[in-house]
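Hi,

Here is the structure I promised to hand over. Please have a look at it before reading my notes.

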Amino acid sequence: MKHPILFLCFCVTSLMAQQTEYVDFKTAKVEIGFSDKGEIGVGGFISYEFDILKDIDSVYIDAKGFDLIYCSLDEEEQDSIYDGKRFIIKRAFKAKNTHKLDVFWSTRNPKKAIYFIDWKGNDSIKDNRQVWTQGQGKYTSNWMPSIDDMNEKIEFDINISFVEGYEVISNGKLLSKDTDNNGFTKWHYDMKHPMPSYLVALAIGKYDKKVEYSKSGIPLEMYYYPEDSLKFEPTYRYTKQMFDFLEEEIGVPYPWQNYKMVPVKDFLYAGMENTSLNIYSDAFVVDSIAFVDKNFVNINAHELAHQWFGDLVTATHGTHHWLQEGFATYYALLAEKEIFGEDYYYWRLYEYAQELHEQDKAGKSTSLLDPKSSSTTFYKKGCWVLHMLREKVGDTAFKQAVKNYLKKHQFKNVETDDFISEVEKSSGEDLSEFVVTYLKDTSDFYFKRKIKDLEFKLINSKLSLRFLRCGMENKTEFHKSNRDKKLKSLKNDSLSSSAQEWIFDDLQTDSLINQKEVFKYALVSKNIKLRQRLAQTLVDIPSELKTDYESLLKDKSYITIETALFNLWKNFSEDRGKYLNQTKDVIGSNDKNVRILWLTLALITKDYQPENKAKYFQELTDYTSDNYGFEVRQNAFQYLHQIQACNDSCKENLKQAATHHNWRFKQFAKSLLD
């Protein structure tokens, strides 16, 4: 086929209007291919079918920075215009006609949205090679010709060819995989329903997987690195329970063929709710000890809730972003409530309210309907609005409204009024004042009151703090008459972790109580999270609490061990060698938090294993290389910087880190270089 000429500049008035008013893209058949020679790039073929709704003189797809792109329309060669951002097909398209657009493309070194990890062409590290995508906020059109407008929903069927020996995961159901004579395997994925282009995703790497089935028969496919088989259970703990709970709580069946969860190295965020495919940071792959410190439960529940709120129904634009993030935050918290209990639920709401109140005090509060609002507003305030709305209209009306809202607008785009109108119908209430106060108002002043309400709710919890009730309305009087009871509650194993943490924080603000007594009681608690909070609070350790504080080094929490090791090392110089010997075999979480601290302290502790210092320094420096995830590297860079020991190798790694695709890590590296 002769390639059409690609003109560099072109303007048509019809492109100024939203294309979805004129064109409806229905299906996309995609063929994606990669090189096996360590080349960073992607190419392929995509066949779109679309309907013309109104007469229009051109149709476009988004395609950013491609090296090669050309097409045929209805199987005939077609002139097209490519300006580096949009691929435009000019023709007098008439309403009520259907067309087929076949697009061929390739792009080398795409700037974003697809990431090639450890893709160096070195045979020794091929097992570490990954490819993964992140479309939301980045645009899939950076690596595949697609539609950036989230109001255009398309049914995608995706075929991906990759060198054999790797797992290739994408949206939908895997129909087949076939290996050719050249050592490539083609993976065929099928979607039954439409979705926006930003939710198209793939993840490629060395994985094993296990599959469970929900009560409704949905396959729950849980991927993990082969070397992390012992971390499988704590990583995916409660997955089936949360899935079954959310299906029942939401009242609408899970809308996709399966639910897949895949960890990847150096992910941009905690997780991403691609349709049927939750790609998440491998920092959340944990063992049973790290589970206490940082686990996948909330991220898993949040991205799962998005399969309804964001994927099944999608906001029309940023003004209504809370319909995705607020709902996902709220339903994830409900799932955690099912697992961890009511006290935990109110404790987290209490924390959200405090965060919103602090935002308000800083003068940064915005309307929930402001597309430029912070994540705190979209996530935390959105969650709170749903909690308060449910309390206002009652469980029955709220759940019926959610069910009606999802069914009415499934596979479509929504605005806030679409949801509110369903709540008004099911409850019979006029919610215009509620909308003005909680959705449109820019202030979060009311969260100051909510904090007070939750303090009393936590104190008088029917579940676990019943014995602390005093029947007093005045909080000051409560403090005076119940200090002893609250102190003793710190070692009462019948209390929930959340309740004890709240009591500990509350006692920290009480100037009339001996703080050493608070620490003494907390140190004998069996509550690991409470002891962790104490370790982080008690920095200057009184000698009389030394023995009890040393017990923190044996806690089943890597954060507690890390914090206690540093504080003990700092407070009791005569016992530094003893503390280092006790913790020399502890690695810590995926970011190697304990090991990296241990190496640093071993290097700067006078007379401690001088014969091994060169070996320890080399190990610490090695952790700055890109063989490790950015969390490990950041820890190593920080400590080497603090002890002024970043050598030439470390500095070269730091320069490389300053070009990293994760912007937070890149900014960190740049700040150290400056």
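This is a predicted model: local features need pLDDT of at least 70, side-chain atom pairs count only at pLDDT 80 or more; totals for chains, interfaces and linings use all residues.

Cores first. The largest nonpolar core has 148 residues. Ile 32, Phe 34, Trp 322, Tyr 331 and Phe 419 have the most contacts inside it. Helix H5 (residues 322-340) supplies the largest share of this core, eleven residues.

Ile 32 is worth a click. Leaving out residues up to four places away in sequence, Ile 32 touches Val 42, Gly 43, Trp 105, Trp 143, Met 144, Ile 158, Asn 159, Ile 160, Ser 161 and Leu 202.

Next, the helix pair. Helix H6 (residues 342-361) packs against helix H13 (residues 497-508). The angle is about 40°, and the axes are 8 Å apart. H6 is therefore oblique to H13. From H6, the contact uses Asp 343, Tyr 344, Trp 347 and Tyr 350. From H13, it uses Ser 498, Ala 499, Glu 501, Trp 502 and Asp 505. By type, the residues of this contact are five nonpolar, one polar and three charged.

Last, Thr 621. It lies in helix H20 (residues 613-622). Is Thr 621 buried or exposed? Its relative accessibility is 3%, and the cut-off for buried is under 20%, so Thr 621 counts as buried. Beyond residues up to four places away in sequence, Thr 621 touches Leu 640, Asn 647, Ser 649, Cys 650 and Asn 653.

Best wishes

Notes. Residues are numbered from 1 along each chain as its sequence is written. Side-chain values use heavy atoms; hydrogens and water are left out. Helices (H or I, at least four residues) and strands (E, at least two) are DSSP runs, numbered from the N terminus. Buried means under 20% relative accessible area, exposed over 50%, partly exposed in between (1.4 Å probe, protein chains only). Contact means heavy atoms within 4.5 Å. A nonpolar core is a set of buried Ala, Val, Leu, Ile, Met, Phe, Trp, Tyr and Cys residues joined through side-chain atoms within 4.5 Å. Axes are lines fitted to C-alpha atoms, for helices over the stretch in contact, and angles run from 0 to 180 degrees between N-to-C directions. Angles under 35 degrees count as roughly parallel, over 145 as roughly antiparallel, 65 to 115 as roughly perpendicular and the rest as oblique. Ala, Val, Leu, Ile, Met, Phe, Trp, Tyr, Cys and Pro count as nonpolar, Asp, Glu, Lys and Arg as charged, and the others, Gly among them, as polar.
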